[in-house]
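The following note is meant for a colleague who meets this structure for the first time. Its points go from the overall fold to single residues.

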Amino acid sequence: MFDTRPDRDSEVVLLGRSNVGKSTLMREITGHRFDTGGKPGVTRKPNHYDWAPEDFVITDLPGFGFMSGVPDEVQERIKTDIVRYLEEHADSILAGVIVLDGKAAVDIIDRHSGPDEIPHAVEMYGFLRELGIPVVLAVNKMDKVDDRDDRLNDICDRFGLLPPWKQWEGESVAPIVAKKGNIGALNEAVRFHLHEAKRDDLFKFF
Ligand SMILES: Nc1nc2c(ncn2[C@@H]2O[C@H](COP(=O)(O)OP(=O)(O)OP(=O)(O)O)[C@@H](O)[C@H]2O)c(=O)[nH]1
């Protein structure tokens, strides 16, 4: 599995639960058409695409969390595969983009937070950070959100990023409307991490 991975070192991985608009975002980034609005959890394997005009490879990882009609053990296997993929390629992954539904994310996270439960998105966030992979929260469907600042502050809070969200703009938090092609904030955040990585490479020589 995953043997189609290109040998490039500016890979950005895209993660998110079903129905957050990952396929819509992929279409915006790559210009390809993807299955959108169909059955949740359509993407089962990592797929690699060019992020034009940037020189990135964007890897679409399978949706985690709720997948309608997919047995638990298959969902667990998919999650294990994602974790393995990230561990194996951590050194060459420039950034992990976790796509969230701006309207639903806080409720979903709160519903799944408890003494024995950690929400998938928060778990993935922590895991990426543990591996040293910078994370961008791409907060999608912002067209459906009225209380923009409050909502983005709450999202920051749930991921352990100190509000106000504005201080994470252009780096860790990118409000977007994938459906309308409004993804400038995400481009900016990913480019920020590219510059950081290049700077780190440079300093290795001193
Ligand atoms: N309002 C709004 N809806 C959006 C936006 N982006 C995507 N959607 C809608 O959200 C639904 C799910 O979008 P998809 O792109 O299929 O979501 P996905 O995350 O790929 O879902 P899976 O295929 O289940 O993994 C579709 O009805 C989209 O039209 C957005 O920015 N705003």
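Predicted model: local features only at pLDDT ≥ 70, side-chain atom pairs only at ≥ 80, totals over all residues.

1. Overall composition. The chain contains six helices and six strands. Along the sequence these elements follow the pattern β-α-β-β-α-β-α-α-β-α-β-α. Of the 206 residues in the chain, 38% are buried. As for contacts between residues at least 6 apart in sequence, 67% join residues at least 24 apart.

2. The sheet. The six strands form an open sheet with mixed pairing, in the order E2-E3-E1-E4-E5-E6. Strand E2 (47-51) and E6 are the edge strands, each of them pairing on one side only. From one strand to the next, the twist averages 25°. Helix H4 packs on this sheet, where it touches E1, E4 and E5. The direction of H4 makes about 170° with that of E4.

3. Pairing at the E2 side. E2 and strand E3 (residues 56-60) run antiparallel and are joined by five bridges. Within this pairing, Tyr49 has Ile58 of E3 as its bridge partner.

4. Strand E1 and its two partners. E1 pairs with E3 in the parallel sense over four bridges, and five bridges join E1 to E4, again running parallel. Glu11 illustrates both pairings: this residue stands opposite Val57 in E3, while its bridge partner in E4 is Ile93. How much of E1 is buried? Four of its five residues are, so the strand is largely enclosed by the rest of the structure.

5. In soluble globular proteins, nonpolar side chains tend to be buried together. Here the largest nonpolar core holds 50 residues, and those touching the most other members are Val97, Ile98, Leu100, Val136, Leu137, Ala138 and Val139. Strand E4 (residues 93-101) supplies the largest share of this core, with seven residues. Ala138 gives a detailed view of the surroundings: leaving aside residues up to four places away in sequence, Ala138 touches Leu25, Val97, Ile98, Val99, Leu100, Ala174, Ile176 and Leu186.

6. Helix H2. This helix spans residues 72-89 and has 18 residues. From its first C-alpha to its last it reaches 26 Å, close to the 26 Å expected at 1.5 Å a residue. Which residues of H2 are buried? They are Ile78, Tyr85 and Leu86. Because these residues cover an arc of only 95° around the axis, they lie on the same side of H2. The face turned away from that buried side carries the exposed residues Asp72, Glu73, Glu76, Thr80, Arg84, Glu87 and Glu88. Helix H4 (120-130) is included in what covers the buried residues of H2.

7. The C-alpha atoms of Ser18 and Glu87 are separated by 22 Å, the two residues being 69 apart along the chain.

8. Backbone points to check. Most residues other than glycine have a negative phi, and most peptide bonds are trans. Asn19 has a phi near 75°, a positive value in a residue other than glycine. Lys141 likewise has a positive phi, near 60°. Lys141 is placed in the loop between strand E5 (135-140) and H5. With 22 C-beta neighbours inside 10 Å, Lys141 counts as buried.

9. A cis peptide bond. The bond from Pro163 to Pro164 is cis, and its omega is near 5°. Pro164 is found in the loop between helix H5 (148-158) and strand E6 (173-175).

Methods: Residues numbered from 1 in each chain as written. Helix = DSSP H or I, 4+ residues; strand = E, 2+ residues; numbered from the N terminus. Buried ≥ 20, exposed ≤ 12 C-beta atoms within 10 Å, placed from the backbone. Contact = placed C-beta atoms within 7 Å. Expected span 1.5 Å × (residues − 1). Arc of directions from axis to C-beta. Core = buried A, V, L, I, M, F, W, Y, C linked by C-beta atoms within 7 Å. Pairing = 2+ DSSP bridges. Axes fitted to C-alpha atoms, helices over the stretch in contact; angles between N-to-C directions.
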